[in-house]
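User: I've got a chain open on my screen and I'd like to talk through how it packs. Can you take my questions one by one?

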Amino acid sequence: MRKRGSSTYFLVGSLLLAGCALPVAAQMPATFVVDPAVFTASTATPLAELPSATVEPSATTAATASPVPAAPTATATIQPTITESPCLNPQGVYVDLLAPAAQLAKPIFTHVYLPPCYLKDNGRAYPVLYLLHGMNQTPDIWDQVGLLAVADQLILNGELPPLVIVMPRINENGDFSAALAVDLVPHIDAVLRTLPERSHRALGGISRGGGWALRSALQYPQVFGALGLHSLAIIWGDDNRITKALNRNPPATLPRFYLDIGANDSLQVSAAWLDGLLSVRNIEHTYLIQAGFHGPAYWRAHLPDYLRWYGSAWGDLPRGP
């Protein structure tokens with residue numbers, strides 16, 4: 001079964017949230033590099049103790065305190081009650097880390113989004129979304145399309161459960177799909193507070209990053225519970241690999257599929273081909289052809305929809321920071 005749909009295409013000059021444009025500084029807070037050892041399964045180092053850490057004040061919320069009750073008259077004294085802010089960083093932050101990769105010649109550089117309040121030591125664990133960039137791009141493409149501001153706003157609005165978003169730099173000089181599933185995923189689960197089950201782990205990619213995501217998810221279906229392919233560019237020669245994997249794995253063992261592509265995208269044949277393979281095998285998936293081209297403007301316009309879809313499987317998790 002598949003779902004088709006379309007939406008009106010629009011260029012986003014600046015990301016609009018809650019009816020107003022966030023300042024650029026709020027969309028791009030400082031990134032700091034940390035020793036992964038400070039993030040353990042049970043504790044997180046307070047923000048103030050992280051080396052060289054700089055976090056801008058939240059652009060979306062301000063911590064507020066309940067008003068102090070007025071002092072009563074003569075015979076009684078009532079102790080004022082103040083509602084403490086839920087955390088010191090009601091805005092998500094970025095950290096960068098290097099993950100060892102036995103499948104590759106060198107470690108994987110990884111850009112990581114930590115949701116609002118992650119750095120508050122409350123023991124909470126989070127689902128994880130892995131997002132891959134396209135060819136001739138870096139993980140910075142997710143900054144360019146406004147990921148931090150969009151994720152923050154959806155979480156604060158209760159439209160998306162708080163989650164960790166991992167954006168590795170693709171290294172094609174080796175088996176990156178194996179490195180992703182065999183090296184990076186266990187490392188992230190070891191150094192961050194994650195929900196390490198397949199059902200709480202999703203993978204997505206744009207353009208050629210979608211090709212790598214597709215290869216990895218079909219090669220390791222036990223690792224990822226959801227797969228998003230945005231403006232998919234299938235890796236050259238992977239058609240047989242994909243067909244064999246779909247024939248080999250029963251539909252119930254495959255991740256949820258989401259495909260979308262611009263109506264004016266020159267790579268539309270890739271998404272259409274995969275849609276056909278899934279359809280003839282009765283593998284349920286969402287397939288959307290939407291107005292637009294192949295590039296950042298298209299991904300920026302649809303990023304909120306992508307994140308809502310990934311988070312839709314995690315309806316059992318608390319909403320808000």
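User: Which residues have the most contacts inside the largest nonpolar core?

Analyst: This is a predicted model, where local features need pLDDT of at least 70, side-chain atom pairs count only at pLDDT 80 or more, and totals for chains, interfaces and linings use all residues. Residues are numbered from 1 along each chain as its sequence is written, and side-chain values use heavy atoms, with hydrogens and water left out. A nonpolar core here is a set of buried Ala, Val, Leu, Ile, Met, Phe, Trp, Tyr and Cys residues joined through side-chain atoms within 4.5 Å, with buried meaning under 20% relative accessible area, exposed over 50% and partly exposed in between (1.4 Å probe, protein chains only). The largest one has 55 residues, and those with the most contacts inside it are Y130 and L214.

User: What does L214 touch?

Analyst: Contact means heavy atoms within 4.5 Å. Leaving out residues up to four places away in sequence, L214 touches L227, L229, L232, I234, I242, F257 and L274.

User: How many residues are in the second, separate core?

Analyst: Among its members are Y113, V150, L160 and W309. The count for this second core is 32 residues.

User: Why are α4 and α5 called oblique?

Analyst: Axes are lines fitted to C-alpha atoms, for helices over the stretch in contact, with angles from 0 to 180 degrees between N-to-C directions. Under 35 degrees counts as roughly parallel, over 145 as roughly antiparallel, 65 to 115 as roughly perpendicular and the rest as oblique. The axes of α4 and α5 (residues 208-219) come within 9 Å, and they cross at roughly 55 degrees. That's why the pair is oblique.

User: Which residues of α5 meet α4?

Analyst: On the α4 side you'll find F176, S177, L180 and A181. Their partners in α5 are W212, R215, S216 and Q219.

User: At what angle do α3 and α8 cross?

Analyst: Helix α3 covers residues 147-156 and helix α8 covers 296-311. L147, V150, A151 and L154 of α3 make the contact with L303, P304, L307 and R308 of α8. Their axes come within 10 Å, and the crossing angle is roughly 50 degrees.

User: What share of the protein chain is buried?

Analyst: The chain has 321 residues, arranged with eight helices and 12 strands. Buried residues make up 52%.

Note on methods:
Helix = DSSP H or I, 4+ residues; strand = E, 2+ residues; numbered from the N terminus.
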